[in-house]
Amino acid sequence: MAAEALARLAGERVDHRFKGLPPDATGLTVGELAAERRNLFTDGFGTPVLALSAERLDHNLRQMETYAQRHGLAFAPHGKTSMAPQLFQRQIEHGAWGITLAVPHQVWVAREFGIRRVFLANELVDAAALRRLGADLAADPDFRFVCYVDSVRGVELMDAALEGAARPVDVVVELAAGEGARTGVRTEAECAAVADAVAAARGLRLVGVAGYEGEVPGATPERVQAWLRRLVALAVDFDRAGRFADTDEIVVSAGGSAWFDAVADEFAQIPDLSLPVLKLLRSGAYVSHDDGHYRRLTPFNRVPAEGALEPAFRLWAQVVSRPSAEQAFVNAGKRDAAYDLDLPLAQVVRRDGAERPASGIEVTALSDQHAWLRTAPGADLEVGDWVGLGLSHPCTSFDKWPLIPVAEADGTVVDYIRTFF
């Protein structure tokens, strides 16, 4: 099923939906265009165009596979980052247990492309989505689905929508990261009340506990570790109380892209429980990494002996105006580049086939279709030059590009990644 669905992506026709591609590629299938192995810089690609580095993408996939194996973690990378089934499949091939998602539409995309294990990092209370989920679980005995519960009311709504379902929906109680954090149950007593509600629900089965340490207020290593110890203790207490009697393994899950080293350390301390424990890490931004937010926050900065991730995105734009010695404009803006956490970073300039560092060039603002550049005295930049921009925050980079070229270091485009947002 997965292979057939992915093959259909290769058969999709190139047309006006996909920006940055060569005009003369219109009418080709994506697979035919990939087979031509065109060069990003010399074979008709237009600007702006976002590209993924083939080598760095492969490195990041291997890096997190190795990290998870080394620390005895199952890995369900967050698919909301890319919403790219081709990358989901590569993550599975690199040892991922399954894919984490956030909302029902993302689940349907994953299912369309054959993903068998889904962790929904949200409480699901939409009745129509729950009915479809129940039907999917009934139709496919190999489909494993787990989601959060964080309220008695949510449990009641879920159970009502699942009345008559052939299989129960597996749920984990979400422990909030603290007062004022995002979602989740605030106290252990409230967690017990939610677990009691699950036990009384015919359509649900309690299989574990989970949360997101990235929401710990004023996060420091000590505060994150303290919250993770609470999460582990909650799993231990629930197990001692016999709350996991209906399952065959206990799920304990956490892990964004900023603190997975703390997750690995604390999950290593989980004691023997009455059942095997699935220690599930959910980091997602690693697949492309970035040149801003996650470059600063990645745990590999704290544990360099464990390896490193490499930024795989580069947005290419062209200088379309040079009104003064201090200012220039390129033709990529908010429609093309992530800007919610940091502005793009000018990295390199290409002219006449030669590439050099973007010395003295800084992005100072974005309009819808322009980036404002400040240029220092002596900065070598002309109308027509291509400027390679590094981006911050993968989750709001992928979503602007429905088809993304994957290019090798010399510019040869070897694949195209289709996204579904």
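Me: Buried means under 20% relative accessible area, exposed over 50%, and partly exposed in between (1.4 Å probe, protein chains only). Where does aspartate 385 fall, buried or exposed?

Reply: Aspartate 385 counts as buried, at 2% relative accessibility. This is a predicted model: local features need pLDDT of at least 70, side-chain atom pairs count only at pLDDT 80 or more, and totals for chains, interfaces and linings use all residues. Residues are numbered from 1 along each chain as its sequence is written, and side-chain values use heavy atoms, with hydrogens and water left out.

Me: What does aspartate 385 form a salt bridge with?

Reply: Arginine 351, with the closest N and O atoms 2.8 Å apart. A salt bridge is a side-chain nitrogen of Lys or Arg within 4 Å of a carboxyl oxygen of Asp or Glu. Salt bridges that share partners also join Arg351, Arg356, Asp380, Glu382 and Asp385 into one network.

Me: How many salt bridges does the structure hold?

Reply: 33. One of them pairs arginine 38 with aspartate 24, at 2.6 Å between the closest N and O atoms. Arginine 38 is buried at 11%, while aspartate 24 is exposed at 56%.

Me: New topic. How many residues of helix H10 are buried?

Reply: Seven of its eight residues, 260-267. Phe260 and Phe267 are among them. Helices (H or I, at least four residues) and strands (E, at least two) are DSSP runs, numbered from the N terminus.

Me: What do the buried residues of H10 pack against?

Reply: Helices H3 (54-70) and H9 (221-240), plus strands S8 (250-254) and S9 (277-281). Contact means heavy atoms within 4.5 Å.
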